[in-house]
Amino acid sequence: MTQSGHNPERNQGTEKPAAVEFRLVSKWYGHVIGVNNFSLRLAPGVTGLLGPNGAGKSTLLQLATGQLQPSQGEVRVLGHRPWNNAGLNRLIGLCPEQDAFFEWMTGREFLTSSALLAGLGRRGSREAAQRVLEQVRMTEHADRPVRGYSKGMRQRIKLAQALVHDPRVLFLDEPLTGTDPVARRELMDLILGLGRSGRTVLVSSHVLHEVQAFTRQIVLMNRGRLVAFGDVRQVRDLIDSHPHRIILRCPDSRALAAKLVRCEDVVGVELRRADGAIVIETRAPDRFYGRLPRLALEADTPIEEVYSDDDNLEAVFKYLVNP
Amino acid sequence: MNPVSSDPPRPHRSQQGPSSDPDPGLNDPLLDGPGAGDSVGKVTSEDSRGLSTDSEWPVRLSRRVSVSALSALLSITAARQVRGRRLLILCVLFALPILFAVLAHRFQDPYESEDVEAVLIFGLIPQALLPLAALLFSSGMVQDDVEEQTLTYLLIRPIPRWLIYLVKVAGTWLVTSLLTALFTAAALAAVYWGTGELAPDALVQRAGILAAIQSLSLFAYTAMFGGLSLLARRSLVLGVVYIIVFEGVVANIDFMIRHVTVMYYVRTLSVRWLGLPVSEWAIDPATAPSVTTCLLTLIGTGSVLALLGAWLFSVREFRVKTPEGS
């Protein structure tokens, strides 16, 4: 992953403009900082926006879609400031995170209304609604009220409304939340296709595995700040070099802990007083998991529970911010 | 990768579009489920017409707003207003004059339809029910979309914010005007039911004139309370206070100050168009404002307030799922 480190204000005359650009953007809500001094340039293709809950991802997308005005700095989408810029909305689409709809409408009515609001005209709107219904595979359920949809169906319709006017730039806020594996696969294919067709797509998520399925290019965000920006492989390398914390529970913790401290790849062992669990730190989790059954046998104690304490991005972000 | 620690973030400035290909070595197990490999849902090459990674920015933007977009917004606004508790409350409120008219028929002896009409049709409805109905509908005009988080779907469309607000005002005004006109006609019919004092065509004409007067007052009220809802969180409470103090008390004071109330112009129009007794409300037709003045005042006030609200709406942020908004 790359942090080139040069000032975004420099070389402005020589660089080609980005489809989406945040230049030293900050957004405050009173004393709360939503986005802090954030700079980023995105070219066409799919980019994943990763961060734990409360990282500022939604605020960033709302800034990019002109719903919020930056407290400081500048946002540009296709070369225009999005705040209060209705004309730009013809070229951008947003799939918001909130699970909100005009509940009295059917899926088709919702999409037709969205297309009408986007200025497609009556006939064009009907056709566009049908097109996106097919894209998100909701034709069969199109004439049922939205209020009766499952979470996955609602996600599909929400994504469809973002596509209905065929925008050039798309902002998708947690588009896979609540979807089943089949729907996830289909929506991922759709997002991939959007990126391949030359659109600029920024997809937010707090699940790394989700994002890496449709892009290598990711933006890491935490507490309103850009943590890193670049290739997903390097983030994974970072995660792998980051000592993993694994929690073990067994009847005879002391015996097993005695075995564990002798392992070369275990860099730390702690016996937690509160619940008697063993907390180990290792830089080679795969090797450790492979060796664990033999160690348990040697210590003559069954393993009751094993789980990783690092299966969340928060741990990675903590590491990245304070290496 | 260089994680950022305490320095301000320094972005990578790649000009190449990031690859859209998923990392081939990092398969999500979920992708191997049923449906994997389907080509459905993919964007075809036809979808990419007109898109280019070498586009010149800034792109040219069209400022045109389509009529169908505005009619869709109007329809959404109206559909939202006639749903839920609000309509139920309006029905209950406007059932009161009908109920009182029925009770008067039953218990007033002899029954004086003109007195009952004066109290219910020219008193209770315009002085209390009409502004309350306007307050009820206008205060939720924007707030409902904020609370239900659907405002996003309107703000991300190519319709200027000020125009979104004005269409919302128009939708709310149309709905309240239509509903109150129907209820008032029903109340009028209840007052004159079985008396033979007003022929059906005269009743329809009277109801039509009342609907026109009410519609004018509702325009001013809708614009006023709509703007109030953008300024204050407790707009319902403030609106009720306004209705009691200004339209309830000040409008009845025989002094210049009543010229600042909507009620004064409604009464003046009622006197001039319906020929109500001049002693009513101490309005002297010789010195009272003309019909033109009344119309200009009500329409002018409503227009100015609606434009102010539109300006407020266009400069205000509506936060959805952000630290303050969630």
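Colleague: How many residues does helix α8 of chain B have, and how far does it reach from its first C-alpha to its last?
Modeller: Please keep in mind that this is a predicted model. Helix α8(B), residues 262-274, has 13 residues and reaches 18 Å, which is close to the 18 Å expected at 1.5 Å a residue.

Colleague: What follows α8(B)?
Modeller: B:Gly275 follows α8(B), and its phi is positive, near 60°.

Colleague: Which residues of α8(B) are buried?
Modeller: The buried ones are B:Val262, B:Met263, B:Tyr264, B:Tyr265, B:Val266, B:Arg267, B:Thr268, B:Leu269 and B:Ser270.

Colleague: And what covers the buried residues of that helix?
Modeller: The cover includes four helices of chain B: α3 (113-147), α6 (200-231), α7 (235-249) and α9 (291-315).

Colleague: Two of those interest me. How do the axes of α3(B) and α7(B) cross?
Modeller: They come within 10 Å of each other and cross at roughly 155°. Because of that angle, α3(B) is roughly antiparallel to α7(B). The crossing is right-handed.

Colleague: Which residues make the contact?
Modeller: On the α3(B) side they are B:Gln127, B:Pro131, B:Leu132, B:Leu135 and B:Ser139. From α7(B) come B:Ser235, B:Leu236, B:Gly239, B:Val240, B:Ile243, B:Glu247 and B:Gly248.

Colleague: Stepping back, how many helices and strands does chain B have?
Modeller: Chain B has nine helices and zero strands. Buried residues account for 37% of its 326 residues.

Colleague: What share of its contacts joins residues at least 24 apart?
Modeller: The share is 78%, taken among contacts in chain B between residues at least 6 apart in sequence.

Colleague: Now to chain A. In what order do the strands of its open sheet lie?
Modeller: The order of the three strands is β2-β1-β4, with antiparallel pairing. At the edges are β2 (32-42) and β4 (72-77), each of which pairs on one side only. From one strand to the next, the twist averages 20°.

Colleague: How many bridges join β1(A) to β4(A)?
Modeller: Five bridges join β1, residues 20-29, to β4(A), and the two strands run antiparallel. As one example, A:Phe22 has A:Val75 in β4(A) as its bridge partner.

Colleague: Finally, which strands does helix α1 of chain A lie across?
Modeller: Helix α1(A), residues 57-64, lies across β1, β2 and β4 of chain A, and runs at about 60° to β2(A).

Note on methods
Residues numbered from 1 in each chain as written. Chains lettered and ligands numbered in written order. Predicted model: local features only at pLDDT ≥ 70, side-chain atom pairs only at ≥ 80, totals over all residues. Pairing = 2+ DSSP bridges. Axes fitted to C-alpha atoms, helices over the stretch in contact; angles between N-to-C directions. Contact = placed C-beta atoms within 7 Å. Expected span 1.5 Å × (residues − 1). Buried ≥ 20, exposed ≤ 12 C-beta atoms within 10 Å, placed from the backbone. Parallel < 35°, antiparallel > 145°, perpendicular 65-115°, else oblique. Left-handed = near helix turned anticlockwise from the far one by under 90°.
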